[in-house]
Amino acid sequence: RKKMPQKKLNKFSQLNPAVPKRQIFVDASPDYTAYETAGFLKMSVTSAEKESSTNQPSFKDISLPQLGSAQAWWKYLTNVADLSPVPRNLKFGQIPSGVLQLGGTFVVDHDIVLYAHADQFPGDHPDIFDVLRALSLTSQDIENFYTTSSSS
């Protein structure tokens, strides 16, 4: 398994300062074995792919995020470009497999999965309070986390 390029990991950490680097797992294998093992889907590109899988989401099934300003769109697109797993030998017009890979969110305590959410489309993230509750945090803990995070 190859490691995520350091530049991409640093960029992700910069955008997500509350996530400790040591707690980030990235499957950088060429075939994304960990994602497949977890049951995560890939987006379909062609109608033939969509027809071959009854539950495979398609780009036609999603809408663009509501980001508002042109500045917000620019920031979003440049971050996607910086963080996307694009192999060096990609030919013009090809879509990298990693770009099609959907992910998910897990809360794991040693070898026990306390919470699992598989994204059904890009941007389909679980409610943060559900994730934090899986960590057995109280409402006060959550409020303190947000108060501390927003003041730093």
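Guide: A helix here is a DSSP run of H or I with at least four residues, a strand is a run of E with at least two, and both are numbered from the N terminus. The model is a predicted one. In it, His125 falls in the loop between β2 and α6 (residues 128–134).

Visitor: What makes His125 exposed?

Guide: Exposed means over 50% relative accessible area. His125 has 57%, so the word applies.

Visitor: Which residues does His125 touch, not counting those up to four places away in sequence?

Guide: His117 and Asp119. Touching requires heavy atoms within 4.5 Å. Gly103 is 22 residues from His125 along the chain, and their C-alpha atoms are separated by 9.2 Å.

Visitor: Why does Gly123 count as exposed?

Guide: The relative accessibility of Gly123 is 53%, and the cut-off is over 50%, so Gly123 passes. Gly123 also sits in the loop between β2 and α6.

Visitor: How many residues are between the strands in the hairpin of β1 and β2?

Guide: Two, and in this hairpin His110 takes a positive phi near 60°. His110 is in the loop between β1 and β2, and is a residue other than glycine with a positive phi.

Visitor: Is His110 buried or exposed?

Guide: Exposed: its relative accessibility is 77%, and anything over 50% gets that word.

Visitor: What about Tyr32, buried or exposed?

Guide: Buried means under 20% relative accessible area. Tyr32 has 11%, so Tyr32 is buried. Its phi is near 55°, again a positive value in a residue other than glycine. Tyr32 belongs to the loop between α1 and α2 (residues 33–37).

Visitor: Which residues of α1 are buried?

Guide: Lys8, Leu9 and Ser13. Viewed down the axis of α1, the buried residues fall within an arc of 135°, so they line one face of the helix. Lys7 and Gln14, on the other side of α1, are exposed.

Visitor: What do the buried residues of α1 pack against?

Guide: They pack against α4. In general, two packed helices are described by the angle between their axes and the distance between the axes. For α1 (residues 6–15) and α4 (residues 70–83), the axes come within 9 Å and cross at roughly 145°.

Visitor: Which residues in α1 meet which residues in α4?

Guide: From α1 come Lys8, Lys11, Phe12 and Leu15, and from α4 come Asn79, Ala81, Asp82 and Leu83. By class, this contact has four nonpolar, one polar and three charged residues. Lys and Asp count as charged.

Visitor: What does the secondary structure of the whole chain come to?

Guide: Seven helices and two strands. Along the sequence the pattern is α-α-α-α-α-β-β-α-α.

Visitor: How many residues does the chain have, and what percentage count as buried?

Guide: The chain has 152 residues, and 22% of them count as buried. That is the share with under 20% relative accessible area.

Visitor: What share of contacts in the chain joins residues at least 24 apart?

Guide: That share is 41%, taken among contacts between residues at least 6 apart in sequence.

Notes: Residues are numbered from 1 along each chain as its sequence is written. This is a predicted model: local features need pLDDT of at least 70, side-chain atom pairs count only at pLDDT 80 or more; totals for chains, interfaces and linings use all residues. Side-chain values use heavy atoms; hydrogens and water are left out. Axes are lines fitted to C-alpha atoms, for helices over the stretch in contact, and angles run from 0 to 180 degrees between N-to-C directions. Two strands pair if DSSP finds at least two bridges between them. Buried means under 20% relative accessible area, exposed over 50%, partly exposed in between (1.4 Å probe, protein chains only). The arc is that of the directions from the helix axis to the C-beta atoms.
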